[in-house]
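Subject: Structure handover

Hello,

Here is the structure I said I would pass on. Please look it over before reading the notes below it.

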Amino acid sequence: MERLRSDLLAARFSVDSLTRLWGTRADAALHRGQRVPASRALAGPAGETAAGVLARIFVLGMPVTAGQLAVALPSLGLDGALALGLVSVDGDGVRAVLDLRPYSFVDAHGVGSWWIASDLGELTVGGALREDHVLGVGGASLTLSGLMVGGPVDTALDLGTGCGIQAMHAARHATRVVATDISPRALEIAALNAELNGIHNIEFRLGSLFEPVAGERFGQIVSNPPFVITPRTDGVPSYEYRDGGMVGDALVASVIAGLSAHLEPGGIAQLLGNWEYRDGVDGLDCAGEWVSATGLDAWVVEREVQDSALYSETWIRDGGTRPGAEFDRLYGAWLDDFERRGVTAVGFGYVTLRASTRGLRRLERLDSPIEGGLGVHIAETLAASDWQSALSDEQLGREHLELAPDVTEDRHYWPGDADPTVMTLRQGGGFGRSVPLDTGLAALVGACDGELSLRAIIAAIAQLLEVDEAALSAEVLPSVRELVTTGFLRPLA
């Protein structure tokens, strides 16, 4: 593995290098599942460089000659690549057995880059995926790694590790990581990725859900569980990387129910999940019932809701089945399952749980575009919630607050009017929230520069508006607490 790592470094097989080789447009096309622009860019001299050859065989799934591979991997050589299970010889050419591509990221610990192996994707396979397919770094993986709180912990658990990407991220701040999966193939590839990238503090265990860690507790648990709601019907593929084998959304409910027994005091669990909307039943409320039953602090964010038809199309296509007779057959099976169980739509979102008695319980729908990772913001939100909830209204009134630097205010006026008709506070970072303001709250927020206490600001506004100070305080303090929790306002450092 050391020889492979040395060759990849020497070839400068990195995200930036490949983007320079084929350009930003081709890079964007690859993210849409189209490789023609990239392959055209590598048809000339760029494709003969070491990075170009590696990109052609391992990213684009194109054959190369044995001589080209030998130049691109001079230390490992063809025999070494065969021994690692990376390639196979096909006539006069060499083809990839695994997808291998560079991956770069930024987290609470700074900039990082790895190489990630996984099974060949649909672009290379050209059809439906095998049921034990090991997925690489996809959209869900990027979402969860971006959400991950990066504070130091002794032990972390990656439940359903897949290619190992979450375990590798956790290994940057955990002394020891346990990564589990029901798939022996996934664990084999995850172990390869850890070794290739010089990560040695991950222990891999085979088994379903919490079975491999019975009786153990962790300071952090992360999971991108196999939450996709798949019909339990003969003839419908069940992919190990996304289908947990349970009916409907029971898999996510089961994972949430098991977390409290495996978190240390103060420990944090973060996972992605789906929840079903049925006739007259709100899916987010159902997720709220799951987390309430754990007795843990809970924060559930719903990012998207898809109707049953769109959800079916999305995940059938994800499995590599293209429109046609087979697609239509599977589509019918999915819709039959949803109709039989009264499911009209499926929600997708993030769940954060904490082994604490602070009493945090947030259920919210947030669909604003997000720039960058949210791990730091989530940690700050938890800390801010703890800070303000520990203070009485009287104590909070004595605090000096300031506006966060990413916050702006919009004001809209009717033509000719001196006073605004609509005022909105907007957050540039985090979840990009927007909060409507009334006159009193707008005045308070505008005065939060750290100079005066909240009590002094409220007294001044009450005098200006000629309203009762106590009544104004009772009106605005709940909003102030929410603005502190969500990062619009913060205590003076």
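This is a predicted model: local features need pLDDT of at least 70, side-chain atom pairs count only at pLDDT 80 or more; totals for chains, interfaces and linings use all residues.

Residues are numbered from 1 along each chain as its sequence is written, and side-chain values use heavy atoms, with hydrogens and water left out.

Salt bridges

Side chains of opposite charge can pair when their charged atoms come close. A search of the whole structure gives 31 salt bridges (a side-chain nitrogen of Lys or Arg within 4 Å of a carboxyl oxygen of Asp or Glu). Helices and strands are named from DSSP runs (helices H or I, at least four residues; strands E, at least two), numbered from the N terminus.

Arg354 pairs with Asp297, with 2.8 Å between the closest N and O atoms. Since Arg354 is in strand E12 and Asp297 in strand E11, the pair ties together parts that are 57 residues apart in sequence. Both ends are buried (under 20% relative accessible area; exposed is over 50%, partly exposed in between; 1.4 Å probe, protein chains only): Arg354 has 9% and Asp297 has 3%.

Glu276 forms a salt bridge with Arg341, the closest N and O atoms being 2.6 Å apart. This pair links distant parts of the chain, with Glu276 in strand E10 (residues 263-278) and Arg341 in the loop between H14 and E12, 65 residues apart. Glu276 is buried at 0% relative accessible area, whereas Arg341 is partly exposed at 21%. Salt bridges that share partners join Glu276 and Arg341 with Asp249, Arg278, Asp337 and Arg340 in one network.

Cavities

The count is 2 cavities of 30 Å³ or more. A cavity here is a set of points, on a 1 Å grid over the protein atoms alone, where a 1.4 Å probe fits but cannot get out; lining residues have an atom within 4 Å of a point. Grid points are joined across faces, edges and corners, and a volume is the space filled by probe spheres set on the points.

The largest cavity has a volume of about 50 Å³. Its lining includes Trp315, Ile316, Leu330 and Trp334. Helix H13 (308-318) and helix H14 (325-340) are the elements that give two or more residues to that lining.

The second largest cavity has a volume of about 40 Å³. Among the residues lining it are Trp299, Val301, Tyr350, Val351 and Thr352. Strand E12 (343-354) and strand E11 (297-307) each supply at least two lining residues, and E12 gives the most, with 3.

A buried threonine

Thr486 is in the loop between helix H19 (469-485) and strand E18 (489-491). Thr486 counts as buried because its relative accessibility is 3%. Apart from neighbours within four places in sequence, Thr486 is in contact (heavy atoms within 4.5 Å) with Arg362, His377, Gln427 and Arg433.

Backbone angles

Most residues other than glycine have a negative phi. Arg12, not a glycine, has a positive phi of about 55 degrees. Arg12 lies in the loop between helix H1 (2-10) and helix H2 (15-31) and is exposed at 65% relative accessibility. Leu209 also has a positive phi, of about 45 degrees, and is not a glycine. Leu209 sits in the loop between strand E8 (202-206) and strand E9 (218-223), where Leu209 is partly exposed at 22% relative accessibility.

Regards

Terms used:
On a 1 Å grid over the protein atoms alone, a cavity is a set of points where a 1.4 Å probe fits but cannot get out, and a pocket is an open set with protein on both sides within 12 Å along at least five of seven lines; lining residues have an atom within 4 Å of a point.
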